[in-house]
Amino acid sequence: MSGDGVNPAAVPLPVEDVQGDGRWLSQHTRFVQECKYGEPDVLFVGDSMVQLMQQHEIWGELFSPLHAFNFGIGGDTTCNLLWRLQNGELINIRPKVVVVWVGTNNHEHTAEQVAGGILAIAELLTSRLPKAKIIVLGLLPRGERPNPLREKNATVNGLLRSWLPRLSQAQLLDVSKEFLHSDGTVSSQDMFDYLHLTSGGYRMVAKPLGDLLLQLLEEMPEERRASLV
């Protein structure tokens, strides 16, 4: 990123409990507990795009067989995810691959700041999990028709495509163009509210993601793949 100031999208922050029911912290606490007893080979972290994936058949078909954990929380920003990862959600586990999908909720931040926040997450993961591979999923288009938020997400993806190669363990998987029709519209058959995915929409993401996960797991040294046999 340019400039010498602190990137606000890379500052770890918990979610303020404005509703008063403590749900966000309860979900985080549950994830920390799962780390004490589980041994995931693949870890998914992010916002509702990750969280809701677990409710569709594709999760059981492609990702559960890979011993995957889902640590997604709806509404999370890069700041919230950074806080969670720094406060227990990586303790005791050694996933071979981490899938990161976050950033579309960073409404207060510029595209450059959002990309910097995602990069900070990837840097944290490579520091805490030096043997893991990191897959960053590109942000998807928002809204039925072209709009400023969609342009912002596309800019974030472009920056990530330029910045992520500096981390040898990380790579970008961007399937955003698959959701755009020739006239620039997004279908409700893929995104029921023009943001969150239908079962068909998740399959459009899961197929290339599943192929890449299998490729990365297959490329691991034999001793690290023993648990998969």
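Reader: Leaving aside neighbours within four places in sequence, which residues is L213 in contact with?

Author: Keep in mind that this is a predicted model. Setting aside the neighbours within four places in sequence, L213 is in contact with V42, F44, F63, L66, V97, V99 and I135. L213 itself is found in helix α7, residues 199-219.

Reader: Is L213 buried or exposed?

Author: The cut-off for buried is under 20% relative accessible area. L213 has 0% relative accessibility, so it counts as buried.

Reader: Now the nonpolar cores. Which residues touch the most other members in the largest one?

Author: The general idea is that in soluble globular proteins, nonpolar side chains tend to be buried together. Here, the largest nonpolar core has 38 residues, and V100 and L125 touch the most other members. Two or more residues come from each of α1 (23-37), β1 (42-46), β2 (68-72), α4 (78-86), β3 (97-101), α5, β4 (133-137) and α6 (148-163). The most is given by α5, with 10 residues.

Reader: What does L125 touch, not counting residues up to four places away in sequence?

Author: L125 touches L85, L90, V98, V100 and I134. Apart from this core lies another one, of 31 residues, with A68, V175, L209 and L212 among them.

Reader: Staying with α5, what about T126: buried or exposed?

Author: T126 is found in helix α5, residues 111-128. Its relative accessibility is 14%, so T126 counts as buried. Beyond the neighbours within four places in sequence, T126 is in contact with I134 and Q169.

Reader: Let's do helix packing. At roughly what angle do the axes of α4 and α5 cross?

Author: As a general idea, two packed helices are described by the angle between their axes and the distance between the axes. For α4 and α5, the axes come within 9 Å and cross at roughly 15 degrees. Angles under 35 degrees count as roughly parallel, and α4 and α5 are therefore roughly parallel to each other. The crossing of α4 and α5 is left-handed.

Reader: Which residues of α4 and α5 meet?

Author: From α4 you have T78, L81, L82, L85 and Q86, and they meet V114, G117, I118, A120, I121, L124, L125 and R128 in α5. By class, this contact of α4 with α5 has 9 nonpolar, 3 polar and 1 charged residues.

Reader: And α5 with α6: how do I describe the crossing of their axes?

Author: The axes of α5 and α6 come within 8 Å and cross at roughly 45 degrees. α5 and α6 are therefore oblique to each other, and their crossing is right-handed. On the α5 side the contact is made by A111, E112, V114, A115, G116, I118 and L119, and on the α6 side by K152, T155, V156, L159, L160 and W163. The residues of the contact of α5 with α6 divide into 9 nonpolar, 2 polar and 2 charged.

Reader: One more loop residue: where is T104, and what does T104 touch?

Author: T104 is in the loop between β3 and α5. At 12% relative accessibility, T104 counts as buried. Not counting residues up to four places away in sequence, T104 touches D47, L139, R142, N153 and L195. The C-alpha atoms of T104 and T78 are separated by 9.0 Å, with the two residues 26 apart along the chain.

Notes: Residues numbered from 1 in each chain as written. Predicted model: local features only at pLDDT ≥ 70, side-chain atom pairs only at ≥ 80, totals over all residues. Heavy atoms only, no water. Helix = DSSP H or I, 4+ residues; strand = E, 2+ residues; numbered from the N terminus. Buried < 20%, exposed > 50% of the residue type's maximum accessible area, 1.4 Å probe, protein only. Contact = heavy atoms within 4.5 Å. Core = buried A, V, L, I, M, F, W, Y, C linked by side-chain atoms within 4.5 Å. Axes fitted to C-alpha atoms, helices over the stretch in contact; angles between N-to-C directions. Parallel < 35°, antiparallel > 145°, perpendicular 65-115°, else oblique. Left-handed = near helix turned anticlockwise from the far one by under 90°. Nonpolar A, V, L, I, M, F, W, Y, C, P; charged D, E, K, R; others polar.
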